[in-house]
Amino acid sequence: MADTQDSTDTYEKPSDDELRSRLTPEQFEVTQNAGTERAFTGTYWDTKTPGIYRCVVCHLDLFESDTKYDSGSGWPSFYKPIADDRVATKTDRSLGMVRVEALCGRCGAHLGHVFPDGPAPTGDRFCMNSASLDLEPSDDD
Ligand SMILES: [Zn+2]
């Protein structure tokens with residue numbers, strides 16, 4: 001049912017004004033200014049609903065609920081994206097730490113960070129902000 005989206009589509013990022021009108025202030029702050037929602041406060045940190053988690057800005061399919069797990073962090077955590085090119089990474093040296101920032105592979109929205117303490121099979125923990133995600137529940141739940 002979920003329409004597959006091709007991440008190689010040409011994508012034109014909406015203007016800040018358009019995004020401000022479409023997103024909540026928290027969604028805008030997290031995705032456009034690399035903000036972080038408070039742990040245990042986001043919409044999806046404890047969600048177990050089956051479905052696809054999409055980028056809240058451009059609706060690219062990012063994560064499947066099958067790869068979501070309880071990391072105890074208070075943020076929605078996944079051990080891998082739907083495909084490697086869905087999530088871009090770059091080194092983040094803010095706050096006096098060296099971390100790996102995770103960004104939407106299409107629109108560049110800030111999603112969260114990747115840590116090397118995740119479960120098998122990848123060992124990665126994609127620690128996301130609920131504010132960056134939009135869950136599309138699957139039909140057969
Ligand atoms: Zn996006």
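Visitor: Which residues coordinate the zinc ion?
Guide: This is a predicted model, where local features need pLDDT of at least 70, side-chain atom pairs count only at pLDDT 80 or more, and totals for chains, interfaces and linings use all residues. Residues are numbered from 1 along each chain as its sequence is written, and side-chain values use heavy atoms, leaving out hydrogens and water. Donors are N, O and S atoms within 2.8 Å of the metal (3.2 Å for Na, K and Ca), and water is not among the atoms, so sites may look incomplete. Here the SG atoms sit at 2.3 to 2.4 Å, and they belong to Cys55, Cys58, Cys104 and Cys107.

Visitor: What arrangement do the 4 donor atoms around the zinc ion make?
Guide: Four donors count as tetrahedral if all angles lie between 85 and 135 degrees. Around this zinc ion the angles are 103 to 114°, so the arrangement is tetrahedral.

Visitor: Is Cys104 buried or exposed?
Guide: Buried means under 20% relative accessible area, exposed over 50%, and partly exposed in between (1.4 Å probe, protein chains only). Cys104 has 2% relative accessibility, so Cys104 counts as buried.

Visitor: And which residue of E6 is the bridge partner of Thr89?
Guide: Strands (E, at least two residues) are DSSP runs, numbered from the N terminus, and two of them pair if DSSP finds at least two bridges between them. Strand E6 covers residues 99–104 and runs antiparallel to E5, with 6 bridges joining them. In E6, the partner of Thr89 is Ala102.

Conventions: Helix = DSSP H or I, 4+ residues; strand = E, 2+ residues; numbered from the N terminus. Tetrahedral: all angles 85-135°; square planar, octahedral: opposite > 155°, others 65-115°.
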